[in-house]
Amino acid sequence: MEEILWKPSEARIQQSRMTAFTTWLSQKTGIAFPDYRSLHQWSIDHLEEFWESYLEFTQVIYSTPHHQVLDQRKMPGARWFSGMQLNFAENIFRRGFQGTAITACTEPVLEAGEERFSLQEYTYADLEKLVARCARGLKEAGIGKGDRVAGYVANVPEAIIACLACASIGATWSSASPDFGLEALCDRFAQVEPKLLFASTHYRYNGKTFRTDHVVRELHSRLPSVQTIVSIPYPVEEGNILGDVSWEEFLGPDDVPDLSFTQVPFDHPLYILFSSGTTGAPKCIIHGTGGTLLQHRKELELHSDLHPGDSLLFFTTCGWMMWNWQLSALTLGARLCLYDGNPGYPDTPALWRVADRLGVTHLGTSGRYIESCMKSQPPVKPGSLGAMANLRAVLYT
């Protein structure tokens with residue numbers, strides 16, 4: 001393709017976070033960066049100085065500073081920001097963000113030809129309270145720093161609450177989505193050896209709602225490390241209790257407990273993700289606390305131009321690494337929009353209408369979904385998806 005389809009205006013370029021960082025860095029270093037290419041090359045030639053500068057620019061919260069940026073340029077074996085102590089959840093809840101933190105919806109239910117959505121909204125204050133209650137539940141269940149917690153969960157707010165509660169106490173989170181088969185789950189979670197499992201009671205896909213209780217029962221019998229199973233309700237179904245305790249029982253009294261933040265080293269495990277499993281059993285991939293926070297913030301803030309008050313909807317499940325990536329948008333004061341279900345139900349371009357309905361500024365999806373829209377029959381008509389008045393960026397893998 002030779003024709004340039006779109007170029008940002010000069011005003012938009014000047015208002016971008018990339019421009020703000022470049023201007024700040026020029027003033028700090030005394031070096032002029034006339035274009036992105038020169039900035040990128042400097043970041044390669046001055047690796048330690050770049051990351052230390054971005055750490056300062058993006059104002060990561062930490063309790064103990066680092067004494068060395070990078071101990072050796074060797075992979076594997078490189079250690080970043082040695083000596084630093086910080087907490088991922090603290091970098092959300094100690095920034096004073098106001099307004100809506102999460103808007104969540106499930107695949108629509110069709111009634112008389114109309115789409116009916118189940119919508120949930122949580123402010124940053126709501127989210128902090130729920131994370132504090134969940135962290136209390138984790139501690140009472142014997143979970144602490146260094147323990148592993150697994151989630152067999154739909155893309156619902158409770159999954160984020162549980163994950164951030166783990167982060168707040170220094171526990172490590174690993175998740176898979178309810179559409180995973182039993183063997184795929186065991187291949188992953190058996191390696192993690194979680195002490196506690198969060199499990200969704202249902203999930204919805206392509207107009208149908210599915211129960212998960214039979215999988216959870218089998219999973220429990222094959223994971224001897226699991227001491228407690230917490231049942232997470234699905235928003236469009238009556239919740240059947242799975243395992244040992246319901247979500248509300250686990251959260252405990254509806255009060256406002258103090259949310260404390262366990263300080264951990266920069267490379268302390270925050271997430272355990274997995275390879276695809278196409279060349280043998282899935283392999284664990286550990287993502288450290290500080291590296292996840294810093295790299296995700298760079299990608300979201302500089303490359304995606306995410307500002308406080310923007311809204312990100314990245315279509316994903318809790319079994320894909322983009323679910324973990326999107327969570328970091330909360331550290332920038334953005335609104336996270338969750339969608340659970342088939343993005344192409346009841347018709348191929350359905351996800352675009354959801355983005356328009358929710359006023360999304362940043363929409364992310366897969367190349368496969370984009371291709372499906374391009375090949376859709378009947379073809380998607382220009383202008384048929386809504387005004388998209390707020391949409392500024394489309395991201396895809």
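The largest pocket of this predicted model is lined by 21 residues, and Trp-80, Ile-286, His-287, Gly-288 and Gly-291 lie nearest its centre. A pocket is an open set of points, on a 1 Å grid over the protein atoms alone, with protein on both sides within 12 Å along at least five of seven lines, and lining residues have an atom within 4 Å of a point. Two or more lining residues come from each of β17 (269–274), β18 (284–288), α11 (289–303) and α12 (321–327); helices (H or I, at least four residues) and strands (E, at least two) are DSSP runs, numbered from the N terminus. The largest share, 5 residues, is that of α11. The pocket holds about 540 Å³ of space, where a volume is the space filled by probe spheres set on the points, with grid points joined across faces, edges and corners. Its lining has 10 nonpolar, 8 polar and 3 charged residues. In this division Ala, Val, Leu, Ile, Met, Phe, Trp, Tyr, Cys and Pro are nonpolar, Asp, Glu, Lys and Arg are charged, and the others, Gly among them, are polar.

The second largest pocket contains about 460 Å³ of space. Its lining consists of 21 residues, with Pro-8, Ile-13, Ser-16, Met-18 and Asp-305 closest to the centre. At least two lining residues each are supplied by α1 (10–15), α2 (17–29), α3 (36–45) and β22 (393–396). By class, 11 residues of this lining are nonpolar, 6 are polar and 4 are charged.

The model has 1 cavity of 30 Å³ or more, a cavity being a set of grid points where a 1.4 Å probe fits but cannot get out. The volume of the largest cavity is about 50 Å³. Residues lining the cavity include Asn-87, Phe-88, His-268, Pro-269 and Thr-289. The cavity lining has 6 nonpolar and 5 polar residues, and no charged residues.

The largest nonpolar core comprises 84 residues, and Leu-138, Leu-164, Trp-173 and Phe-198 have the most contacts inside it. Such a core is a set of buried Ala, Val, Leu, Ile, Met, Phe, Trp, Tyr and Cys residues joined through side-chain atoms within 4.5 Å; buried means under 20% relative accessible area, exposed over 50%, and partly exposed in between (1.4 Å probe, protein chains only). Helix α7 (residues 157–169) gives the largest share of this core, 10 residues. A second, separate core has 17 residues, among them Phe-117, Phe-315, Tyr-339 and Leu-363. When residues up to four places away in sequence are not counted, the contacts of Leu-138 include Ile-143, Val-149, Ala-165, Phe-198 and Phe-250, contact meaning heavy atoms within 4.5 Å.

Ile-31 is located in the loop between α2 and α3. This residue is partly exposed, with a relative accessible area of 33%. Ile-31 touches Ser-26 and Trp-42, leaving out residues up to four places away in sequence.

Strands β12 (residues 202–205) and β13 (residues 208–211) run antiparallel and are joined by 4 bridges; two strands pair if DSSP finds at least two bridges between them. His-202 has Arg-211 of β13 as its bridge partner. The hairpin of β12 and β13 has 2 residues between the strands, and Asn-206 takes a positive phi near 55 degrees there.

Residues are numbered from 1 along each chain as its sequence is written, and side-chain values use heavy atoms, with hydrogens and water left out. Local features need pLDDT of at least 70 and side-chain atom pairs count only at pLDDT 80 or more, while totals for chains, interfaces and linings use all residues.
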